[in-house]
Amino acid sequence: MMESIESPAALGPLARIAVIIDCGTPWVSTLALVSVLRAGDYPVLVVDCAPGDASTLHFRRVAAAWELRFFHLRMPLRPHGATLDRLLAELRAPLVLLVDSDLELLDMRLPSELETAVLGTPTAYGGGLLHGPAELGHEHGFSRGVARYSERMWIPLVLLRRDVVVEVVESGISFRQRRQHDELPWSSWLSRLFALRWRLPLRRLFGLAADPRHRPVRPCVTDFDTGALVHAELKRRGHVFVELPGMADRVIHLHGATRRRLGSMWRRLLSALGLHVEANAIVLDDPERHARERLAEVYGCRLQTAETDGLVRSSPPRDSSRLP
């Protein structure tokens with residue numbers, strides 16, 4: 001059964017909640033949903049940010065056909081970090097498990113292991129994997145030695161202690177991405193303009209990347225990906241992040257499925273000019289088809305036709321604790 005709610009606060013005082021944000025990839029999000037429900041302990045909230053009513057109808061149909069129980073909330077499409085800011089501020093559950101819409105849990109024990117690790121560390125604000133810090137190089141469109149990727153929690157799957165994290169969010173620190181240009185400390189916009197000389201294809205035109213004498217003495221660009229600013233502030237306040245070794249091998253992440261769906265005209269123009277590089281491109285040509293096949297073959301959730309009206313549950317999900 002799909003239960004529609006009007007706001008995150010309408011969920012009430014649950015002990016824990018898993019959150020999946022759908023931005024127009026309904027089958028990929030459904031695969032994430034089914035895999036999380038299989039873990040059993042976490043109620044799931046699907047945040048539906050797709051325009052129109054088609055996605056809502058999709059989730060209602062799969063809930064009825066496959067006997068899925070979850071909460072459904074419509075929210076406007078906004079930057080991912082802005083949506084997370086609102087959700088963390090309005091949810092009431094002490095533990096919030098963020099699950100990317102393009103992530104599939106392979107091991108049903110992961111949520112409980114994350115919870116044990118976080119609750120067993122009094123100063124922990126969350127648990128999962130740490131992402132970065134790292135240098136942004138040619139594969140990201142930068143000359144080497146000029147751009148840095150700041151450390152953050154790996155957002156595709158992370159368990160957060162809401163009361164700790166929300167203090168930082170309410171103080172004005174956002175989950176939103178930010179790229180900081182500080183080569184010229186007295187002017188951020190001139191720093192941004194000046195940094196274009198390190199981007200593709202300008203570096204090839206002027207040959208600046210090949211000569212270390214042209215590099216700045218420190219990174220002139222710092223990339224704060226989703227959640228990086230919150231992570232930095234929580235560390236500054238003395239909180240720790242508990243890492244779960246080997247977690248990446250226990251999930252499938254279809255990196256880029258949502259990004260390609262939401263690709264803007266500006267992003268496409270920059271890519272055509274060589275000024276924007278997708279370093280981690282989508283791993284599949286048709287992630288929605290992949291999701292439908294996984295739902296059918298692994299979870300027994302099949303389609304009689306390619307349309308959503310043809311949903312059937314032909315067999316129960318596999319019982320093994322780790323799926324192939």
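I began just past helix α2, where Glu67 takes a positive phi of about 55°. A note to myself on names: helices (H or I, at least four residues) and strands (E, at least two) are DSSP runs, numbered from the N terminus. This is a predicted model, where local features need pLDDT of at least 70 and side-chain atom pairs count only at pLDDT 80 or more, while totals for chains, interfaces and linings use all residues. Residues are numbered from 1 along each chain as its sequence is written, and side-chain values use heavy atoms, with hydrogens and water left out.

Next I looked at α2 itself. Which of its residues are buried (under 20% relative accessible area; exposed is over 50%, partly exposed in between, with a 1.4 Å probe and protein chains only)? I found Ser55, Thr56, His58, Phe59, Val62, Ala63 and Trp66. Seen down the axis of α2, they fall within an arc of 160° (taken from the directions from the helix axis to the C-beta atoms), so they line one face of the helix. On the face turned away from that buried side I noted the exposed residues Ala54 and Ala64.

Then I went to strand β2 (residues 16-22), where 6 of the 7 residues are buried. I checked its pairing (two strands pair if DSSP finds at least two bridges between them). β2 runs parallel to β5 (residues 95-99) over 5 bridges, with Val96 as the bridge partner of Ile17. β2 also pairs in the parallel sense with β3 (residues 44-48), over 5 bridges, and here Ile20 stands opposite Val46.

Last came the salt bridges (a side-chain nitrogen of Lys or Arg within 4 Å of a carboxyl oxygen of Asp or Glu). How many does a search of the whole structure find? I got 13. One of them joins Glu104 to Arg294, with the closest N and O atoms 2.8 Å apart. Glu104 sits in strand β6 and Arg294 in helix α11, 190 residues apart. Glu104 counts as buried at 1% relative accessibility, and Arg294 is buried too, at 12%.

I also noted Arg250 with Asp107, closest N and O atoms 3.2 Å apart. Arg250 lies in the loop between β15 and β16 and Asp107 in the loop between β6 and α4, so the pair ties together parts 143 residues apart in sequence. Both residues are buried.
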